[in-house]
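I opened the model to look up a few residues and how they are packed. My entries follow the display.

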Amino acid sequence: MPDTSKKTISGAICEVLGISDARQKATAMCHLVAAWKDTTLGLGNQPPPDRPGRPDRPLLRPPRKVPRRRVTQSAPGRIALLHAIAHIELNAVDLALDMASRFTKTQLPVDFYHDWLGVADDEARHFLMLSDRLADLGAACGDLPAHDGLWQAADASKHDLLARLAIAPLVLEARGLDVTPTMIDRLKSVGDEKTANALGIIMTDEITHVSVGKRWFDYMWGMDRLDPVSTWHSLVKRYFHGDLKPPFNIAARNAARFSAASYGPLATRDDLVASPEKRPDA
Ligand SMILES: [Fe+2]
Ligand SMILES: [Fe+2]
């Protein structure tokens, strides 16, 4: 657990990032939130580790060698789904903590740290919720292999806050908004209301995370007087090696104030993007 007695906020964040045990890391978030509320602690500028602490398992494999997520009546498909999402949530804890500690030399308002520690706290809660659900099904995080794509994306943008904001929340987390409702529907169709409810809670929080990403992306490009849409496009092309795949969950993205005017032009198929008259302003 982070000892906040003589530390800075960034030091306390780094301590949590260094924890290898996933459940211990997730539960340590409450200490970090307490450190954040301790007004005697300064932010400091302790840099985060290049690679956060991780458990020995799951073994990391290329994406094509990771078990396919299937929502099935039988448990193995749902275990694979829960395992994959739990692994994403653990990565998301590290991503949010890294965001809150890597860029301390940039002059940023205190709200920046408040927002990303809040995101990390949500991600830790998501991880614990899914771990508990895995346990209900007789499985645990680490039982199956997983891929390392999220952390690789974080690593690629570690020198550039604007690039990190362009990719982590506005490509990767936004993708979660697109795919989660279908997963929830399928889980309900096979009678797994508990997992469906957990994903419903996560979905609501993830809208907030995308909106936090959009808020700080907009703040950063505003500081540099850049054009937001073309800047985002060039960063996505440079740092994200994949397609933005429709269909998009336009309602959820709109709720996060992330307009189709930004992501629509990068879609692989224009026909599945919202029609122009439905596109709101950002
Ligand atoms: Fe999450
Ligand atoms: Fe998130």
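**Loop residues and core**

I started with P55, which counts as partly exposed because 15 other C-beta atoms lie within 10 Å. The model is a predicted one.

I placed P55 in the loop between α2 and α3. Leaving out residues up to four places away in sequence, I found that P55 touches S20, D21, A22 and G142. I then checked the pair P55 and G142: they are 87 residues apart in sequence, and their C-alpha atoms are 8.0 Å apart in space.

Next I looked up D38, which also sits in the loop between α2 and α3. Is D38 buried or exposed? I noted it as exposed because it has 12 C-beta neighbours inside 10 Å, and a residue with 12 or fewer falls in that class.

I then turned to the largest nonpolar core, which has 76 residues. Which residues have the most contacts inside it? I listed A96, A120 and L170. For the helices, I recorded that α1 (9-18), α2 (22-37), α3 (75-102), α4 (110-136), α5 (149-156), α6 (161-189), α7 (193-223) and α8 (228-239) each supply at least two residues of this core. The most comes from α3, with 15 residues.

Last, I looked up the contacts of A120. Setting aside its neighbours within four places in sequence, I found A120 in contact with M29, V93, A96, L97 and A100. One of these, A96, is also among the residues with the most contacts inside the core.

Notes:
Residues are numbered from 1 along each chain as its sequence is written. Chains are lettered from A and ligands numbered from 1 in the order in which they are written. This is a predicted model: local features need pLDDT of at least 70, side-chain atom pairs count only at pLDDT 80 or more; totals for chains, interfaces and linings use all residues. A nonpolar core is a set of buried Ala, Val, Leu, Ile, Met, Phe, Trp, Tyr and Cys residues joined through C-beta atoms within 7 Å. A residue is buried if 20 or more other C-beta atoms lie within 10 Å of its own, exposed if 12 or fewer, and partly exposed in between; C-beta atoms are placed from the backbone. Helices (H or I, at least four residues) and strands (E, at least two) are DSSP runs, numbered from the N terminus. Two residues are in contact if their C-beta atoms, placed from the backbone, lie within 7 Å.
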